[in-house]
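Colleague: Could you pick one part of this model and take me through it closely? I'd like a connected account, with the cut-offs as you go.

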Amino acid sequence: MENKPKLTVVKIGGNVIDSEPALKTFLKDFSALNGYKILVHGGGKIATKTAEGLGITPVFYEGRRITDKPMLDVAVMTYAGLINKDITAQLQALQNNALGFTGADGNMILSEKRKNAAIDFGWVGDIVSVNHELVKVLLQQNVVPVFCAITHNGNGQLLNTNADTIASALAVACCNDFDVNLLYCFEKKGVLSNTDDDDSIIKNLNFSKYSQLREEKVIHSGMLPKLENCYDALNKGVSAVYIGSPEMIKQGEITCTQVSL
């Protein structure tokens with residue numbers, strides 16, 4: 001059986017995007033990654049700041065953004081416009097032939113409006129399918145796809161979609177053609193056993209340990225949906241999943257959390 005080519009899917013959070021020096025350093029490291037690669041980004045803090053500047057008050061429910069029509073307009077402007085094009089331009093300067101995408105471009109990611117009886121999240125999308133054939137063609141042409149957190153429903157409606165979930169869905173969709181590693185970069189060095197101690201990194205987090213720590217409320221809040229995406233990806237064929245600081249994409253031994261089944 002022939003070896004599949006290696007693909008690295010990297011998701012970066014707002015803490016990297018919010019800092020110009022941090023983003024520059026990260027993109028330099030990302031551009032040096034060997035093999036095929038995909039970048040996925042959010043940008044929640046910039047969207048919040050832009051909204052407030054326009055007199056729009058962002059609303060959250062249990063840490064998740066409610067996306068009404070004015071907030072969707074802001075999300076599209078900041079994620080698909082400002083942030084996506086800035087990252088694409090910086091990667092071009094680093095000799096990576098980057099191409100920026102929403103889910104609507106090339107029908108890359110089709111979603112449906114979230115159905116939730118408890119609360120209406122507004123124009124928030126849950127992923128239905130990924131156009132993995134087009135992703136594969138682009139990668140084979142040495143294009144570096146850069147995805148923002150906007151998808152579409154196929155009927156002309158754009159939807160705000162969780163960037164962690166987009167990264168996981170892209171990684172899973174590419175498994176048949178590539179040996180896929182998924183990396184979630186955020187402000188901590190990994191999943192922590194003590195949130196007050198940044199060095200209490202859990203180096204290997206299997207599902208049994210995760211379930212125990214979730215039960216004990218050691219792992220909670222925003223880390224829960226992130227880890228759900230990690231286990232979903234592993235269960236559907238992704239080779240390896242890591243969570244840590246942006247430094248973990250550098251070559252060499254960097255401390256982070258490897259998530260395993």
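Modeller: Let's start with two strands: β11 (residues 179-185) and β13 (residues 240-244) run parallel and are joined by five bridges. Strands here are DSSP E runs of at least two residues, helices are H or I runs of at least four, and both are numbered from the N terminus; two strands pair if DSSP finds at least two bridges between them. This is a predicted model, so local features need pLDDT of at least 70 and side-chain atom pairs count only at pLDDT 80 or more, while totals for chains, interfaces and linings use all residues. Numbering starts from 1 along each chain as its sequence is written, and side-chain values use heavy atoms, with hydrogens and water left out.

Within that pairing, N181 has A240 of β13 as its bridge partner. Zoom out and you get an open, mixed sheet of eight strands, ordered β5-β8-β2-β1-β11-β13-β14-β12. Its edges are β5 (98-101) and β12 (204-205), each pairing on one side only. Helix α2 (residues 20-31) packs on the sheet, touching β1 (6-12), β2 (36-41), β8 (144-147) and β11; contact means heavy atoms within 4.5 Å. The direction of α2 makes about 155° with that of β2, using lines fitted to C-alpha atoms (for helices, over the stretch in contact) and angles from 0 to 180 degrees between N-to-C directions.

The buried residues of α7 are Y210, S211 and L213, and they pack against β12 and α8. Buried means under 20% relative accessible area, exposed over 50%, and partly exposed in between, with a 1.4 Å probe and protein chains only. Just after α7, K217 has a positive phi of about 65°.

Now the rings. Phe, Tyr and Trp rings (for Trp, the six-membered one) pair if their centres lie within 6.5 Å; planes under 30 degrees apart are stacked, over 60 edge-to-face and the rest tilted. That rule gives six aromatic pairs. One of them is F207 with Y210, a tilted pair at 5.7 Å centre to centre and 50° between the planes. Both residues lie in α7 (residues 207-215), three residues apart, or about one turn of the helix. F207 is partly exposed at 39% relative accessible area, whereas Y210 is buried at 1%. Y210 also pairs with Y231: the centres are 5.1 Å apart and the planes are at 35°, so that pair is tilted too. Because Y210 belongs to α7 and Y231 to α8 (residues 223-235), the pair ties together parts 21 residues apart in sequence.

Y210 has another neighbour worth a look, L227. Beyond four places in sequence, L227 contacts V191, L205, Y210, I219, I243 and V259. L227 is also, along with F26, I38 and L39, one of the residues that touch the most other members of the largest nonpolar core, which has 76 residues. Helix α4 (residues 69-93) gives the most to this core, with eight residues. A nonpolar core, by the way, is a set of buried Ala, Val, Leu, Ile, Met, Phe, Trp, Tyr and Cys residues joined through side-chain atoms within 4.5 Å.
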